[in-house]
Amino acid sequence: MSGDVPTVVPVAVPGGRDYTVVVEAGSIDRVGSHAREAAPDVRRWAIVGDDTVSGLYADRVRASFEAAGLPASVFAFPAGEANKNRAVWAELTDRLLADGLGRDGGVVGLGGGVSGDLAGFVAATYMRGVPVLQVPTSVVAMVDSAVGGKTGVDAPAGKNLVGAFHPPVRVVVDPTTIATLPVAERIQGLAEAVKHGAIVDAEYARAIERDAEKLRVGALEPTTRMVVRSIQVKAEVVSADERETGLRETLNFGHTIGHALEAASGFAVPHGSAVALGMVLESRLGEVLGWTTEGTARELAGILERVGLPVAPAHPPDVERILEFVRADKKVRGGRPRIVFLRTLGRVDSHDGGWARAVEEEALRALLIAA
Ligand SMILES: NC(=O)c1ccc[n+]([C@@H]2O[C@H](COP(=O)([O-])OP(=O)(O)OC[C@H]3O[C@@H](n4cnc5c(N)ncnc54)[C@H](O)[C@@H]3O)[C@@H](O)[C@H]2O)c1
Ligand SMILES: [Zn+2]
């Protein structure tokens with residue numbers, strides 16, 4: 001994958017709203033022409049991003065619109081998950097209204113997953129919906145949140161509880177922007193990339209392990225390779241899901257236990273770390289229950305460790321508290337938690353027409369006590 005050849009990945013959406021993800025070094029300076037091509041009816045664009053990313057890249061994005069002969073203004077909001085809420089959604093919406101953005105307007109989501117989710121939700125609801133073009137700048141946003149069409153904000157009752165399905169008209173990924181991302185954020189994003197390898201492509205997971213050092217520092221070539229492969233996996237999975245195969249559920253690998261660990265820690269354990277632990281623990285459970293090939297958890301832990309992610313809880317886990325969060329999870333059915341198990345590294349088998357299996361809480365409790 002050379003840095004200067006664009007890679008184009010198609011994503012299928014029902015109702016003819018298919019879009020493409022373009023991965024190309026330097027594309028941050030060509031967002032305007034992508035916008036013109038992907039949404040020719042849009043007359044004016046609002047660039048919505050957090051203040052950190054806007055400070056770094058919004059001028060270049062705005063200049064690209066100028067070069068494409070399209071008016072665009074920047075609307076920044078304070079960085080951080082704490083601002084992915086309805087108050088900031090309302091404030092951004094009011095600022096767009098005050099600026100006179102009309103039904104022929106469009107929104108650019110510039111930044112990490114917080115910016116993309118928030119900008120996407122502003123676009124989904126603005127005058128009953130205007131186009132959004134996503135420009136992800138974090139590893140999480142590139143490999144995960146910018147593709148798939150989920151947008152939304154957090155509520156006091158929980159994360160991502162208010163939102164809308166609003167697929168982008170295009171996703172423009174410039175892997176050179178990863179150079180400015182803090183290393184700890186890069187490592188968090190790598191958890192989802194390893195997950196993509198774990199569910200469909202063992203060779204990809206092993207490539208991440210081989211490239212771990214370079215990926216941690218954001219080296220362009222391996223980062224581009226990884227971003228492209230992860231986007232292909234996510235695009236395949238969500239496109240297949242539009243054909244109602246339910247395949248999207250496989251993306252929950254590591255997340256039943258991961259989400260519970262994250263919530264039980266009061267979000268002190270970041271999402272990527274929680275998912276890394278979740279993937280190892282779910283694989284160990286799969287091995288105990290005979291659904292996952294022996295040795296899978298160990299191989300996965302080796303990969304995650306090389307990447308710099310935790311593979312064992314830092315403290316003895318508060319088992320009952322974690323189980324409470326597992327029970328509260330939307331993946332529980334009939335009182336039994338549902339977990340996506342690997343058959344082996346790179347493969348998930350379907351089961352009873354679905355991709356997750358219900359497990360007895362007792363088995364999960366025994367696993368957590370031993371962790
Ligand atoms: N919609 C979905 O399908 C989906 C999927 C996964 C995650 N998410 C959401 O994504 C969010 C997490 O995303 P995130 O980890 O990107 O968080 P984020 O957007 O907060 O970004 C993390 C930090 O990195 C900074 N940053 C981003 N890009 C940068 C760059 N190129 N240079 C310097 N700094 C940069 C941001 O300002 C922020 O401080 C969560 O809210 C999560 O719910 C959504
Ligand atoms: Zn996740």
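Start by selecting the shell around ligand 1: its residues divide into seven nonpolar, 12 polar and eight charged. In that count, Ala, Val, Leu, Ile, Met, Phe, Trp, Tyr, Cys and Pro are nonpolar, Asp, Glu, Lys and Arg are charged, and the others, Gly among them, are polar. What you have open is a predicted model, where local features need pLDDT of at least 70, side-chain atom pairs count only at pLDDT 80 or more, and totals for chains, interfaces and linings use all residues. Residues are numbered from 1 along each chain as its sequence is written, while chains are lettered from A and ligands numbered from 1 in the order in which they are written.

**Stop 1: around the ligand**

Which residues come nearest to ligand 1? Colour Gly112, Gly113, Val114, Ser138 and Ser145, which come nearest of the 27 residues around ligand 1. A residue belongs to this shell if its C-beta atom, placed from the backbone, lies within 6 Å of the ligand. Now show helix H2 (51-67), helix H4 (113-125), helix H5 (139-145) and strand E8 (158-165), the elements that give two or more residues to the shell. These labels are DSSP runs numbered from the N terminus, with helices (H or I) of at least four residues and strands (E) of at least two.

**Stop 2: the whole protein**

Zoom out and switch to cartoon: there are 14 helices and 11 strands in the protein. The radius of gyration is 20 Å, close to the 21 Å that the globule rule gives for 371 residues, so the protein is as compact as a globular protein of that length. (The radius is taken over C-alpha atoms, and the rule is 2.2 Å times the number of residues to the power 0.38.) Along the principal axes, the C-alpha atoms fill a box of roughly 60 × 45 × 40 Å.

Colour by burial next, and 52% of the 371 residues come out as buried. Buried means that 20 or more other C-beta atoms lie within 10 Å of the residue's own, exposed means 12 or fewer, and partly exposed is in between, with C-beta atoms placed from the backbone.

**Stop 3: two domains**

Select 7-180 as domain 1 and 188-370 as domain 2; these bounds come from an automatic or database domain assignment. Their centres, taken over C-alpha atoms, are separated by 27 Å. Across the boundary, 23 residues of domain 1 are in contact with 20 residues of domain 2, a contact being two C-beta atoms, placed from the backbone, within 7 Å.

Which element gives the most to the side of domain 1 that touches domain 2? Click on H5, which gives five residues there. By class, this side of domain 1 has 18 nonpolar, four polar and one charged residues.

**Stop 4: the core**

The largest nonpolar core has 113 residues, and Val48 and Ile208 have the most contacts inside it. Such a core is a set of buried Ala, Val, Leu, Ile, Met, Phe, Trp, Tyr and Cys residues joined through C-beta atoms within 7 Å. Both domain 1 and domain 2 give residues to this core, so it lies between them.

Centre on Val48: beyond its neighbours within four places in sequence, its contacts include Phe75, Leu92, Val107, Leu118 and Val122. Then jump to Leu190 in helix H6 (residues 183-200). Leu190 is buried, with 27 other C-beta atoms within 10 Å. Leaving aside neighbours within four places in sequence, Leu190 is in contact with Val139, Ile208, Leu215, Val307 and Leu309.

**Stop 5**

Is helix H10 (255-264) mostly covered or mostly open? Mostly covered: 10 of its 10 residues are buried. Those buried residues pack against H11, helix H13 (319-328) and E10.

Just after H10, Gly266 takes a positive phi of about 65 degrees. Step on to Phe267, in the loop between H10 and helix H11 (271-289). Phe267 has a phi near 65 degrees, a positive value in a residue other than glycine, and is exposed, with 12 other C-beta atoms within 10 Å.

**Last stop: Asp352**

Finish in the loop between strand E10 (338-339) and strand E11 (357-358), where Asp352 lies. Phi of Asp352 is near 55 degrees, again positive in a residue other than glycine. Asp352 counts as exposed, with 8 C-beta neighbours inside 10 Å.
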